[in-house]
Amino acid sequence: MEVQHNGKEIIKEEVLRTNFVEKDVKGNPTIDFEKSHSIKYNFLLKPVYEISNVRTDSPSYLAGIRKGDIIRRLNGELSYKFKLSDIIDILQSEEGRWISIEFERKGVTHKTKFQLKKIL
């Protein structure tokens, strides 16, 4: 399986969540749900990683991964937190290692896992 950088996308990351709780005259907490939650976000450009090639009959192919799939998570971590070289290192690590991957194809998210195997 080969991976390439395929541009950037806007990611919305939560950066601050606060809860506002007021107290009545006796000191008991009261919650006004319209004012009780405040969430702040950052919008950032992050890399997109795409499957550029999958060898037929490889473990990743048998797990359902195809050319053009977009990697969303790799071993539980959001893919945009990796550098391309990190992803390649993971995919070329020791034989027998399990890889879990969440990927997007035509707007639908899929999850699968496969075990690394030396092909050559």
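Predicted model: local features only at pLDDT ≥ 70, side-chain atom pairs only at ≥ 80, totals over all residues.
A residue counts as buried when its relative accessible area is under 20%, as exposed when that area is over 50%, and as partly exposed in between (1.4 Å probe, protein chains only). With that in hand, let us look at helix α3, where the buried residues are Ile 87, Ile 90 and Leu 91. They lie on the same side of α3 because they cover an arc of only 95 degrees around the axis; the arc is that of the directions from the helix axis to the C-beta atoms.

Residues are numbered from 1 along each chain as its sequence is written, and side-chain values use heavy atoms, with hydrogens and water left out.

**The core**

A nonpolar core is a set of buried Ala, Val, Leu, Ile, Met, Phe, Trp, Tyr and Cys residues joined through side-chain atoms within 4.5 Å. The largest one here holds 16 residues, and those touching the most other members are Val 3, Ile 65, Leu 74, Ile 87, Ile 99, Ile 101 and Phe 114. Two or more residues of this core come from each of β4, β5, α3 (84–91) and β7. Leaving aside residues up to four places away in sequence, the neighbours that Val 3 touches include Tyr 49, Ile 51, Ile 71, Leu 84, Ile 87 and Leu 91; contact means heavy atoms within 4.5 Å.

**The paired strands**

Two strands pair if DSSP finds at least two bridges between them. Strand β5 (residues 70–74) runs antiparallel to β7 (residues 98–105), and four bridges join them. On its other pairing, β7 meets β8 (residues 108–115), also in the antiparallel sense, over eight bridges. Here are some bridge partners to find in the model:

| Residue | Bridge partner |
|---|---|
| Arg 73 | Glu 102 in β7 |
| Ile 101 | Thr 112 in β8 |
| Glu 102 | Lys 111 in β8 |

Lys 113 also belongs to β8. The C-alpha atoms of Lys 113 and Glu 102 are separated by 8.6 Å, and the two residues are eleven apart along the chain. Lys 113 is exposed, with a relative accessible area of 56%. Beyond residues up to four places away in sequence, Lys 113 touches Ala 63, Trp 98, Ile 99 and Ser 100.

Asp 57, another residue other than glycine, has a positive phi near 70 degrees. Asp 57 sits in the loop between β4 (37–53) and α2 (59–62) and is exposed, at 57% relative accessible area.

**The largest pocket**

Rolling a probe the size of a water molecule over the atoms shows where empty space is left. On a 1 Å grid over the protein atoms alone, a pocket is an open set of points where a 1.4 Å probe fits, with protein on both sides within 12 Å along at least five of seven lines; lining residues have an atom within 4 Å of a point. The largest pocket has a volume of about 600 Å³. Of its 21 lining residues, Met 1, Leu 91, Gln 92, Lys 117 and Ile 119 are the closest to its centre.

Definitions and conventions: Points joined across faces, edges and corners; volume = space filled by probe spheres on them.
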